Every structure is written in structure tokens, then in C-alpha cells.
Amino acid sequence: MDYADIRRLVKLVETSGISEIEIEEGGAKLRILKQSSVVQQMVMPQAAPMQMGYTAPQMSAPAPQPSAPVAVAPASKLIEVLSPMVGTYYKAPSPEAPDYVQVGDMVRPGQVLCIVEAMKLMNEIESEVAGRVVEILPRNAQAVEFGQLLFRIDPS
Amino acid sequence: MEFQVYHFDSLDSTNNWLKQNAVQGFIKPGAVVQANFQSDGRGRLGRKWESKSEDGLMFSMLLEPLLPESLLPLIGLLISLGMFDGIAKEIGDTSQLKLRWPNDILYDNKKLSGILCESTHSDDDKKLTIAGIGLNVNQTTADFEGDFRTPATSLHMITGKRSSPAKLLPTFLQSIGFYLDRLETEGWSWVSREWIECSGLTGEHVEVADGNQRIAGIVEEIRVDGALVLNLGRGVRRTVRSGELSS
């Protein structure tokens, strides 16, 4: 199954009365869900026993990629910054450098909060909002999952 | 893929130059910057990448967001396929050439090339991916004396020839461009499959060091997102996404 096949399947789901389709082939699983007017694709390798958790990479077409998933915590007005990929959390660009942010710091939209690294790709995670860093959840050099909570930011 | 190439005699770091200019919107995807000398070239975790003038080919590329963010790390594996092909063309013999996960290239188990990628946002909130690539070209044994994490080699040490790094660049842009074009037309599902075939890593016993942690096991596969799956024995498997691999 290649990218062209996936596009054809998305088109099929878009133009048909089907709301969901799931296909497994060659160790990869593809699930396409139609939710109102939005089509989402999720592709994931098959789960294997005794390995670290893996959450599906996700593409939402045609929405632009946010800098990091953001969720509003239901019990308060704190903004949650979630990891956009599986990898290793780093609080600073190198072991000798100062931390990108510390609890209590004020941040602005677009300011780098941390790096998540996987396979020598250093992905800068940025704040989407202005506010004060209330909580930093991972330890430096800790493995993080897709969608894992990294920061809580108070925008008020 | 079309590239716009900027040459410099000296820069602090090609990645830094590209990042600063891309963030402000002065250059577009397809921009490539090459410097004969980097005063502050960096590897993973801020480690210094040694270079003297015209000793190495050091260049950085600004890339379109061709992958969803969760799969961005695949870009380094893809570029290493292009570097592998370009090096094979230069040395004409691939028997001692191999890929080391995630994106180094070794000759006779000595490091010849390395890649470090970064992802950031421009001031107008566009996702930017920058790949920094280093290839040892004219170094001699004496240049690699000292504390190197991995023994190193150069094209000169392999072939006996000296080359101008700037003149080598088009070969590598062509071979990397071939794989970037495929990413655009075919998607990403083939990248990890071709990488593992090219590396011959399946079934090898390897050790991965990440910080204070060391894991040893047999390579079972590279997952579709580029992660390394090791069999640690007794039915235990571990998926690895960062660290330094040795065999």
C-alpha cells in the first residue's frame, strides 16, 4: 500500500456512504474515519508484545499542521501542550545550555518550549499561546509518547 | 526537486544560517547552503562537528513539510539513502559501505558521513525542516587523531584522491533529490523498507547507547516510522528511537 493507494481510499470514503474503513496489509494498519465534513487518516504499525507504547501518527487533511497538539484542560483554563511525536524530551538545546523555559516563566506564541528528538531529528515544540508556564511534566531526556502532556500554561 | 544553492567560504554553522534566514522568510524550501569552513558545526546534543577549510562537504537543506509531524524523523533516513548512493558513485565500491541507524554512513566501520535534522516554525507559522549533512572529504589519518566517539574516515583516505567539496555538491544534491522526489510522488511508506534493505542490518547484534542507558539486541526490523526494533532475547522486544548505535 503506498501513498497513491491511501489517496484513492480517502477519495472512496469521501465520495461514498461509508463512514469508516480499516485495512491491514504488510504489518501496517490503515484506518480512515469520516467525521461530518472532515476525513481523518491514521496509519499505525501493528502492535507487538513487550515494546514501548506507540500511538498512531496522524494526518488531518487539509488542516495545517499545528506546532504541537494543544488541549484545554477541562477543569481549568490552563492550556496543555502535548507531544506531536514519539521521542525523547530535552529541556535545553545541549547539556550545557540553559533550559528553554522554567516553571513561572512568561512565554509568547511561537516561543520554543523544548525539543522532542527522534532519530536525530530535533523537533522544536513551541507555545501557541502567551502565558505563564505552570507545570513541566517530563524529566529531561525522558521518552515521551505521541500526545503525551508536556506543559501546562496559564494564559490568563 | 529544484535547489537554490548558496556557497560561503566560512559560516558559524550552515544549519544556523539556513534556520535564521528561513524563519524570517528570506529563503524558500529547496534552499541549500554550503560552507567550506564551519566554526561552530554541531552534531546531536550540541556535539562539535570538527572541520577545517575544504576538508569536508558541509551543507544544509531547507525542505518542504513532505511528512506529517509525527513522521518527520524519517527525513534523515531518506537523506542517508541519497548520501549512500552519492558516496557509492564517488568511491565505486560499496562492499565496505554501510548505513548505520539512524542516518550515519560508515566505510569499513569508520564514520564517513552524518546527518542532523531540525524542525522549527517560521515567523509566519510555517513548519520548516532543516537537514544538516556532513561528509568527510579530504581529511587524513592525522586529522582524526584524538577523542572521536567513532573512528572516522574520509573519501581521500578511501580513494587516495583529493576533491573540492563544492564540486562534489551537485552529485549529492542529485542523489538526495531523487529520493525527495519519490517522497513527493509516492508518499513515505517505502522509506524504512528500502533503508533496512540497503543497511543489511536485519539479524545483526547491536548495542544502542542513549545517555546512561545501554541496550543490546538483535535487529528485527525498522518500523514504518523509522524506529529500530531490537529483540533482547527471552521474547522481549524494544523499540528504540534515539541513541548511538554500535555493532
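Is Arg182(B) buried or exposed? In this predicted model, Arg182(B) comes out as buried, because its relative accessibility of 14% falls below the 20% cut-off.

**View 1. Arg182(B) sits in helix 4 of chain B.** The helix covers residues 165-186. Setting aside neighbours within four places in sequence, Arg182(B) is in contact with Gly187(B), Trp190(B) and Glu194(B).

**View 2. Five strands of chain B make up an open, antiparallel sheet.** Reading across it, the strand order is 11-10-9-8-12. Strand 11 (236-240) and strand 12 (244-246) of chain B are the edge strands; each has a single partner strand, so one side of each has no neighbour in the sheet. On average, neighbouring strands here are turned by 45 degrees against each other, direction ignored.

**View 3. Strand 10 of chain B meets strand 11 of chain B in this pairing.** To find your way around, look for Asn231(B), which stands opposite Arg237(B) of strand 11. As a reminder, strands in a sheet pair through backbone hydrogen bonds.

**View 4. Now over to chain A, where strand 9 is largely enclosed by the rest of the structure.** Strand 7 of chain A (residues 87-90) pairs with strand 9 of chain A over 3 bridges, antiparallel. Within that pairing, Tyr89(A) has Val116(A) as its bridge partner.

**View 5. Strands 9 and 10 of chain A form a hairpin.** Strand 10 of chain A takes in residues 121-126 and is joined to strand 9 of chain A by 6 bridges, again antiparallel. Ile115(A) stands opposite Glu124(A) of strand 10. There are 2 residues between the two strands, and Met119(A) in the turn has a positive phi of about 50 degrees.

**View 6. The largest nonpolar core has 73 residues.** Phe151(A), Phe59(B), Ile75(B), Ile79(B), Met83(B) and Leu228(B) have the most contacts inside it. Helix 2 of chain B (residues 74-91) supplies the largest share of this core, with 11 residues. Take Ile79(B): not counting residues up to four places away in sequence, it touches Leu63(B), Ile115(B), Ala131(B), Ile133(B) and Ile176(B).

**View 7. A second, separate core has 12 residues.** Among them are Leu11(B), Val23(B), Val33(B) and Ala35(B).

Key
Residues numbered from 1 in each chain as written. Chains lettered and ligands numbered in written order. Predicted model: local features only at pLDDT ≥ 70, side-chain atom pairs only at ≥ 80, totals over all residues. Heavy atoms only, no water. Pairing = 2+ DSSP bridges. Helix = DSSP H or I, 4+ residues; strand = E, 2+ residues; numbered from the N terminus. Axes fitted to C-alpha atoms, helices over the stretch in contact; angles between N-to-C directions. Buried < 20%, exposed > 50% of the residue type's maximum accessible area, 1.4 Å probe, protein only. Core = buried A, V, L, I, M, F, W, Y, C linked by side-chain atoms within 4.5 Å. Contact = heavy atoms within 4.5 Å.
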